[in-house]
Amino acid sequence: MITRIKGLAPSHGAQSRPPTMAAAEPLAWLAEAHKDQLALCDSLEAIADNLPEIDREICAYAARMLGPLLRELHAGEERLVFACIERRNGDDPALAAMLEELKYEHCEDECYAEELAEMLARLGAADASANAETAGYMLRGFFTNVRRHIAFEQECLRGILARHRGEQPGTLPA
């Protein structure tokens, strides 16, 4: 019996870091948050890959954990990482616009996660109205978008944070 899905339960990553450590190390926090989000994407992709076979327990668990986990990671990113970048680059309108776009994408992802959680809950409850093909399409759309968002943040945000620490972007933690 599976009681935990990689990426859908607290790990040793971003969400379990003490707030003081996270505030002191936004670059390390961001790397861990990205790792957790990519693990979440891998778990959701595994659900999609197994459709139309449905593990109801995993679907129900994913439905309960998806929204709260994503909201927690996005809130931490905006509070710790974006705030750090804004403090250091407050006079850069292009950077401010980029951060606003990323916040908007967080909101979009969280709204999509709510719809996806509803679908996963219906799959988990053996609701006959839940369609495996639709669920697969929704899952793939969600995790593909989240992975694209993370790739952009890794390229841009981690580079910005590294420059302020005097590091080369290529030397960042994975």
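Predicted model: local features only at pLDDT ≥ 70, side-chain atom pairs only at ≥ 80, totals over all residues.
Student: How many salt bridges does a search of the whole structure find?
Tutor: Some are simple pairs, such as K35 with E32 or E86 with K103. Others join up: D42, E45 and R147 are linked in a network. The search of the whole structure gives seven.

Student: Take K35 and E32: how many residues apart are they in helix α2?
Tutor: The closest N and O atoms of this salt bridge are 3.6 Å apart. An α-helix has 3.6 residues a turn, so residues three or four places apart point the same way. Both K35 and E32 lie in α2 (residues 26-50), about one turn of the helix from each other, and the separation is three residues.

Student: Is E32 buried or exposed?
Tutor: Compare the two partners against the cut-off, where buried means under 20% relative accessible area. K35, at 47%, counts as partly exposed. E32 has 15%, which falls under that cut-off, so E32 is buried.

Student: How many residues apart in sequence are the parts that D49 and R140 tie together?
Tutor: D49 and R140 form a salt bridge whose closest N and O atoms are 2.7 Å apart. D49 sits in α2 and R140 in α5 (residues 132-165), so the pair ties together parts 91 residues apart in sequence. Both ends are partly exposed, D49 at 49% and R140 at 34%. The sequence separation, then, is 91 residues.

Student: Which helices does the E86 and K103 pair tie together?
Tutor: The two side chains meet in a salt bridge at 3.4 Å, N to O. E86 counts as partly exposed at 33%, and K103 does too at 23%. They are in parts 17 residues apart in sequence, and the helices tied together are α3 (residues 56-89) and α4 (residues 93-124).

Student: What span does α4 reach from its first C-alpha to its last?
Tutor: α4 has 32 residues, and at 1.5 Å a residue the expected span is 46 Å. The model comes out close to that expected value, with a span of 46 Å.

Student: Which residue caps the N-terminal end of α4?
Tutor: Look for a side-chain oxygen by the backbone nitrogen of A94; one lies 3.0 Å from it. At the other end, just after α4, A126 takes a positive phi of about 60 degrees. The N-terminal cap is D92.

Student: What is the relative accessibility of H106?
Tutor: H106 is in α4, and leaving out residues up to four places away in sequence it touches H74, E77, E78, F82, H149 and E153. The C-alpha atoms of H106 and E77 are 9.8 Å apart, although the two are 29 residues apart along the chain. H106 counts as buried, with a relative accessibility of 0%.

Student: Which side chain makes a polar contact with the side chain of E105?
Tutor: E105 is another α4 residue, and it counts as buried at 13%. Beyond four places in sequence, E105 touches R148 and H149. The polar contact, at 2.6 Å, is with the side chain of H149.

How values were computed
Residues numbered from 1 in each chain as written. Heavy atoms only, no water. Salt bridge = Lys/Arg side-chain N within 4 Å of Asp/Glu carboxyl O. Helix = DSSP H or I, 4+ residues; strand = E, 2+ residues; numbered from the N terminus. Buried < 20%, exposed > 50% of the residue type's maximum accessible area, 1.4 Å probe, protein only. Contact = heavy atoms within 4.5 Å. Expected span 1.5 Å × (residues − 1). Polar contact = N/O pair within 3.5 Å; in protein donor to acceptor, adjacent residues only side chain to side chain.
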